[in-house]
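Welcome! Take a moment to look over the sequence and the 3D view, and then let us walk through them together.

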Amino acid sequence: MTILCVRFQLPPMYEAALPGLLGTLEEFTPVVEALPPDGALADLRGAERYFRRDVVELASLIRVRALAWHGVDCAIGAGPGPMFARMALREAAPGETRVVPEEPGARTEFLAERSVRALPGVGTATARTLCEYGLDSIGKVAAAPLSTLQRLTGARLGRELHEKALGIDRGRVVPNAVSRSLATERPFRRDELDPARHRRALLSAAGELGARLRSLEKVCRTLTMTVRYADCSATTRSRTLPEPTAHTSALTDAAYRMYEALGLQRARVRGIALRAEGLAPAEQASYQLTFDPVDEKARRIEEVTDRVLAKFGPGAVMPGVLAA
């Protein structure tokens, strides 16, 4: 089983380019899973036999076509399962293909000396707990008794960590469509230090997402924020909303909370992006009734604003803080 994990080096307006790039992957296999905003997983089990090429040759073809047809380079990780492909991608530079061999011995060698933080699904808190007990590498986690891991991290997560550290990859590629998410980005003309400008960018982005969701008669379950810095690094945070919504006020509140949780101190921010995920039809979503007149008033204002924007175009109506 050979899986590719591809990260495209997309321009700022990535959302318009990603569907075409997914189409390039689908010329090789129909089993493609979009990973917005700039990636995808592809199952090449049948493609290797059909095209009579190995995974490295197929990866080279994908890269050449992405460059020739879309002007986009990519980094590619390949492995016997999605977990290995994702880990290989982290070590692949743009224009490179990093491959984890399928032989069991090669998998064990690949995992052994890597930090436990490299395992997909291991967050900051879990990694801190494991490191406090000396389990700072994947090899040490693999050697630890299952009961010890479950005592430290819980029964389900402990079993998952134990299996992953041993090279057991139960993940699979689930075909989906990039339309399951909507994204927008607010780049700054220069590296921005002012938190007030960061919050205005979040307010503008949340307002755009809300309007687009309502125009499509969709609601989102999860909001993801990506903050890009002057050194080209980025921080991504996600928040599951209390209920699926397209309400601008709820999206803005979630975005502000994620931003405040970062605790940025004089950070030079190059751009902020918001992505609405887990889209579903609005008519299928539940709505918690409230007696709060402020919330009802905000929703009525949204309805009027949407009609004005549909008639007169973007920028016809906006919050006063953005107009200033």
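## Terms and ground rules

Contact means that heavy atoms lie within 4.5 Å. Helices (H or I, at least four residues) and strands (E, at least two) are DSSP runs, numbered from the N terminus.

This is a predicted model, in which local features need pLDDT of at least 70 and side-chain atom pairs count only at pLDDT 80 or more, while totals for chains, interfaces and linings use all residues. Residues are numbered from 1 along each chain as its sequence is written, and side-chain values use heavy atoms, with hydrogens and water left out.

## The overall picture

The protein has 13 helices and 10 strands. Its radius of gyration, taken over C-alpha atoms, is 22 Å, close to the 20 Å from the globule rule (2.2 Å times the number of residues to the power 0.38) for 324 residues, so the protein is as compact as a globular protein of that length. Along the principal axes, the C-alpha atoms fill a box of roughly 65 × 50 × 40 Å.

Of contacts between residues at least 6 apart in sequence, 65% join residues at least 24 apart.

## Charges and cysteines

Counting Lys and Arg as positive and Asp and Glu as negative, with His and the chain ends not counted, the protein has 45 positive and 39 negative side chains. The centres of the two sets lie 3 Å apart, with each charge placed at NZ of Lys, CZ of Arg, CG of Asp or CD of Glu.

A disulfide is a pair of cysteine sulfur atoms within 2.5 Å, and the count by this rule is zero. As for individual cysteines, C131 is partly exposed at 28% relative accessibility, whereas C220 is buried at 0%.

## Helix 9 and its cover

Which residues of helix 9 (residues 155-165) are buried? They are G158, L161, H162, E163 and A165. Their cover includes helix 5 (104-112), helix 6 (124-132), helix 7 (138-143) and helix 8 (146-153). After helix 9 comes G167, with a positive phi near 85°.

## A look at I76

I76 sits in strand 4 (residues 74-79). Is I76 buried or exposed? I76 is buried, with a relative accessible area of 0%. Leaving aside residues up to four places away in sequence, I76 touches L4, C5, V6, A59, R63, L89, A92, E96, T97 and R98. R197 is 121 residues from I76 along the chain, and their C-alpha atoms are separated by 36 Å.

Note on methods
Buried means under 20% relative accessible area, exposed over 50%, partly exposed in between (1.4 Å probe, protein chains only).
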